[in-house]
Amino acid sequence: MARWVAGLDGCRGAWAVALIDLDDPARWRRTRVPRVIDLLDGPEAPACIGIDVPIGLPDRVSGGGRSADRAARALLGAGRSSVFPVPPRPAVYAASYDAAKALSRAGSAPPFAPSIQCWNILRYVREVDDLLRGRPDLAARLHEVHPEVAFFRLNGDRRLSAGKKGPARAEGLAARRALLIAAGLPAALVGSRPQPGVGADDHLDAMAALVVARDIAAGRAEPLPKVIERDSYGLPIVIWAPAVPAVARP
């Protein structure tokens, strides 16, 4: 019987998906689904999924973001990071960007407002939050990850020199593919073409999430922070990082 795990990354109003069978890693799939529930209740019904979306929304935020956001930025160290502070729950459900900014400032200390980039992904946050509040049993299968954290860890806790976009895009994508293969994903999966509607960077981010899901299933992933908080609905506030690669261990 197959034991599927999966990674998800948001892409153009849907989700990029990468799956692998833990009992037969040569069995893999990449696809695109309109809703997270379509994967959870789909044919593979993965037992463990890493998803690049915030899970666990505090009613109020202090210290510049959730404890998980702060822990992830601390791991990444000084420098620019894509781990943005998630606004408080009322702001996530705001009807407009202006309302979200006002609600976030009112519910945070020190006050902050979500960036437009954050606002643009809040539809994904609401989808997952609604899903887990309606079906709390799924929280045992769906886990928050962050691609930047995953690739940082897979690179021996070092930032990659080239990004996924911009003039060094080809170099950055190639470096990430190499890390995914070194982490044990099949080269055929890593080298596969993205599904229509899925960007090359989203495709690789879904595979990074898959690596973390595999490590969560094996009990060797690292929670950020070590002490996991929960929001008022009992949802965990934690970003999972993959295990330290064997070559990076002292």
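Colleague: Which residue in strand 4 does Gly7 stand opposite?

Modeller: This is a predicted model. Gly7 stands opposite Gly50 in strand 4. That pair belongs to a parallel arrangement, in which four bridges join strand 1 to strand 4 (residues 48-51).

Colleague: In what sense do strand 1 and strand 2 pair, and over how many bridges?

Modeller: Strand 2 (residues 14-21) pairs with strand 1 in the antiparallel sense, over eight bridges. Within this pairing, Asp21 in strand 2 is the residue opposite Trp4. Two residues lie between the strands of this hairpin, and Arg12 takes a positive phi near 45 degrees there.

Colleague: How many residues of strand 1 are buried?

Modeller: In a regular strand, side chains alternate between the two faces of the sheet. Here strand 1 (residues 4-11) is mostly covered, with seven of its eight residues buried; buried means under 20% relative accessible area.

Colleague: What is the volume of the largest pocket, and which residues are closest to its centre?

Modeller: Rolling a probe the size of a water molecule over the atoms shows where empty space is left. In this model the largest pocket has a volume of about 1,400 Å³. Its lining comprises 47 residues, of which Ser82, His146, Glu148, Lys164 and Asp205 are the closest to the centre. Strand 1 is among the elements that give two or more residues to this lining, together with helix 2 (67-76), helix 5 (116-134), helix 6 (147-154) and helix 9 (200-217).

Colleague: How do the residues of that lining divide into nonpolar, polar and charged?

Modeller: The lining of the largest pocket has 22 nonpolar, ten polar and 15 charged residues.

Conventions
Residues are numbered from 1 along each chain as its sequence is written. This is a predicted model: local features need pLDDT of at least 70, side-chain atom pairs count only at pLDDT 80 or more; totals for chains, interfaces and linings use all residues. Side-chain values use heavy atoms; hydrogens and water are left out. Buried means under 20% relative accessible area, exposed over 50%, partly exposed in between (1.4 Å probe, protein chains only). Two strands pair if DSSP finds at least two bridges between them. On a 1 Å grid over the protein atoms alone, a cavity is a set of points where a 1.4 Å probe fits but cannot get out, and a pocket is an open set with protein on both sides within 12 Å along at least five of seven lines; lining residues have an atom within 4 Å of a point. Grid points are joined across faces, edges and corners, and a volume is the space filled by probe spheres set on the points. Ala, Val, Leu, Ile, Met, Phe, Trp, Tyr, Cys and Pro count as nonpolar, Asp, Glu, Lys and Arg as charged, and the others, Gly among them, as polar.
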